[in-house]
Amino acid sequence: MAPIDWSPLWISLETSVTATLVTLVAGLAAAAWRERRTGAAMALVDGIFLLPLVLPPTVVGFLLLLLFGRHGPLGKVLLRLGATVVFSWPATVIAAAVVSFPLMYLTARAALEQVDSRFFEAARTLGASEWRVFSAIALPLAWPGVLAGTILSFARALGEFGATLMLAGNIPGKTATIPIAIYFAVEADDVQRAVAWCLIDVVISLALLAGLYYWTRARWVRR
Amino acid sequence: MALEVQVAKKLPEFTLDVSFTAGDAPLGILGPSGAGKTMLLRCIAGLERPDHGRITLDGRVLLDTERHIHVPARNRRVGMLFQHYALFPHRTVAENIGFALGHLPRQEREHRVAALSARTHLSGLEDRYPRELSGGEQQRAALARALAIEPEALLLDEPLSALDTHLRSQVEAQLQETFSAYRKPALLVTHNIEEAYRLGERLLVLSRGRVAAFGAKEEIFRHPPSLEVARLTGCKNFSRARAISGNIVEALDWGCRLRVSQTVTKLVAHIGIRAHHIDFVESRGAGAAEENVVPCWLVRSSETPFRITLYLRLHRPPNGSGEQQAHVDLQAEVFKEKWERFREHPLPWHVRLSPDSLFVLPE
């Protein structure tokens, strides 16, 4: 038996960690921005933010391909700067981040909405800037929810397959994540390898969900 | 030092339209729930945007809708004590008090926090979290936190309503102590008449978004400017009234002529007297009609630990049935000791409505 190529594990972890960091910042920013706004237009904004959750990943991947492709609006700009995204490692990050974004956005918003707005008002009368209200009051009080969103996003990024395949393809040692390695192992009739990667995936996901359960139970009592 | 306020804001039920000036004397803002009291404070603190208005604090413009000036809450230096205190639950007492002092060097910050803790009797509790404090301690921590910004004005929203009754008088005394040391505009919102009277020097009575009365508290309680203010300041007894001559008024609902201390005009619409001002007197017997003394019968009574409220019918005993029987002309409040003395007297009793206690109210 050939020595096992561990690269899908490292690619998957690197991709998921990076994508989760991107999602955490973007999701929090979007949730904080959205929380102080009302109006009919916001329903459309919510719809756009949540679209990656309901669309089939292949559709998301195909749209990203159109966007980042050689003739796509973003792809053209990047090409002029000397960068190609499609079929590169950053493509795996982009695909995973876009697909996991709605989970982060939804949980972060729910967590922020749960914080009593009088705390924000009290902070404002005490001279706090909006950034300080967010960083010193909103975020610490919404932290258990934000953490749950982060773990969910990471799990989702780790399991991403469809959009990744469309945008990043299957380049062993570069863009082949665990789910992609499994798919191509099955296609190549390498059942043993497929089962091994499946077990690794189950172990990681289970650890994450158990951790999530533990953290949400251990959150501090408010007020 | 003066806080000048003139704001108008359309609310779902009514329009808040208020203007007043508060000096260094604590101003009590009294009104029933939903009169717009909290909204008024929020407008001054900068947490709500009035439709129109102008607010200045020592000449500093905080709001001027005509000139499109709306200073954000963080730059107003107006301290606000929220109804349930809104202490940050994830920060200790010291961290709550020091929240506004982040710009200071650590040593000076600690020094200031210690001074504020001492001033509000919180020394030794600095490392506790808000949930580990009693209601009174939470209130003082919130007060210390608000004082940390060295506010140019202080706004207190129902500061005692979240406390248990047995804590109130003690906490109120400490609040009064802080108040008297704070010689800047201080506004205290409450729906409790006695609290407003004890803590405020001047009083603003708010009703459905309008100023119903504004002035020295003694004056408002002694001579309410309207029936509404008399009611809002706790007066229970009213009768429609007609001026007869000089200082004689006919109380139409009470069926008697009464002398009052003021000279009355034709415009008198109501006459009123507070429940604890009604005096019970020994009758000199029928026929010998005394000035402002009216015979009465007891309809029912209701007791509190030290006082009793007597619901009285004037002129005739409570006969008949149903609604007619339950009809009450006056309610009087007396200490139980006094009640024990005359409860055995045969009916009718006689009440004296002293000219000094009666107030006449224009339409």
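## The second largest cavity

In this predicted model, the second largest cavity is lined by B:Arg119, B:Thr120, B:His121, B:Arg140, B:Gln174, B:Glu177 and B:Thr178, and about 30 Å³ of space lies within the second largest cavity. Helix H5 of chain B, which spans residues 165-181, gives the most to this lining, with three residues. When the lining of the second largest cavity is sorted by class, four residues are polar and three are charged, while no nonpolar residue is found there.

## The largest cavity

The count comes to two cavities of 30 Å³ or more, and the largest cavity has a volume of about 50 Å³. The residues that line the largest cavity are A:Ser12, A:Thr15, A:Ser16, A:Thr92, A:Ala96, A:Ala157, A:Leu158, A:Glu160, A:Thr164, A:Thr177 and A:Pro179. Two or more residues of this lining come from each of H1, helix H5 (89-114) and H7 of chain A, and H1(A) gives the most, with three residues. By class, the lining of the largest cavity has six polar residues, four nonpolar residues and one charged residue.

## The largest pocket

The largest pocket has a volume of about 900 Å³. Of the 27 residues that line the largest pocket, the closest to its centre are B:Ile193, B:Glu194, B:Phe221, B:Thr233 and B:His276. At least two residues of the lining are supplied by each of helix H5 (165-181), helix H6 (193-199), helix H7 (217-222), strand S18 (307-314) and strand S19 (330-335) of chain B, and H6(B) gives the most, with five residues.

The lining of the largest pocket divides by class into twelve charged, ten polar and five nonpolar residues.

The domain assignment of chain B gives domain 1, covering residues 3-228, and domain 2, covering residues 235-363. The centres of domain 1 and domain 2 of chain B, taken over C-alpha atoms, are separated by 40 Å.

Where the two parts meet, seven residues of domain 1 of chain B are in contact with seven residues of domain 2 of chain B. The area buried between domain 1 and domain 2 of chain B is about 600 Å², and carbon and sulfur atoms give 63% of that area. Across the interface of these two domains of chain B, zero salt bridges are found.

## The second largest pocket

The second largest pocket has a volume of about 320 Å³. The second largest pocket is lined by 13 residues, and those nearest its centre are A:Ala32, A:Glu35, A:Arg36, A:Arg124 and A:Glu130. The elements that give two or more residues to this lining are helix H1 (7-35), helix H6 (117-125) and helix H7 (130-158) of chain A, with the largest share, five residues, coming from H7(A). By class, the lining of the second largest pocket has seven nonpolar, five charged and one polar residues.

## The contact between chain A and chain B

Chain A brings 19 residues to the contact with chain B, and chain B brings 22 residues. The area buried between chain A and chain B is about 1900 Å², of which 68% is given by carbon and sulfur atoms.

How many salt bridges are counted between chain A and chain B? The count is one salt bridge, and A:Glu121 and B:Arg42 meet through their side chains in a salt bridge, at 2.6 Å from N to O.

## A:Ile200 and its contacts

A:Ile200 lies in helix H10 of chain A, which covers residues 191-217. Leaving aside residues up to four places away in sequence, A:Ile200 touches A:Trp6, A:Leu9 and A:Ile178.

Key:
Residues are numbered from 1 along each chain as its sequence is written. Chains are lettered from A and ligands numbered from 1 in the order in which they are written. This is a predicted model: local features need pLDDT of at least 70, side-chain atom pairs count only at pLDDT 80 or more; totals for chains, interfaces and linings use all residues. Side-chain values use heavy atoms; hydrogens and water are left out. On a 1 Å grid over the protein atoms alone, a cavity is a set of points where a 1.4 Å probe fits but cannot get out, and a pocket is an open set with protein on both sides within 12 Å along at least five of seven lines; lining residues have an atom within 4 Å of a point. Grid points are joined across faces, edges and corners, and a volume is the space filled by probe spheres set on the points. Helices (H or I, at least four residues) and strands (E, at least two) are DSSP runs, numbered from the N terminus. Ala, Val, Leu, Ile, Met, Phe, Trp, Tyr, Cys and Pro count as nonpolar, Asp, Glu, Lys and Arg as charged, and the others, Gly among them, as polar. Contact means heavy atoms within 4.5 Å. Buried area is the accessible area (1.4 Å probe) that two parts lose on being put together, summed over both. A salt bridge is a side-chain nitrogen of Lys or Arg within 4 Å of a carboxyl oxygen of Asp or Glu. Domain bounds come from an automatic or database domain assignment.
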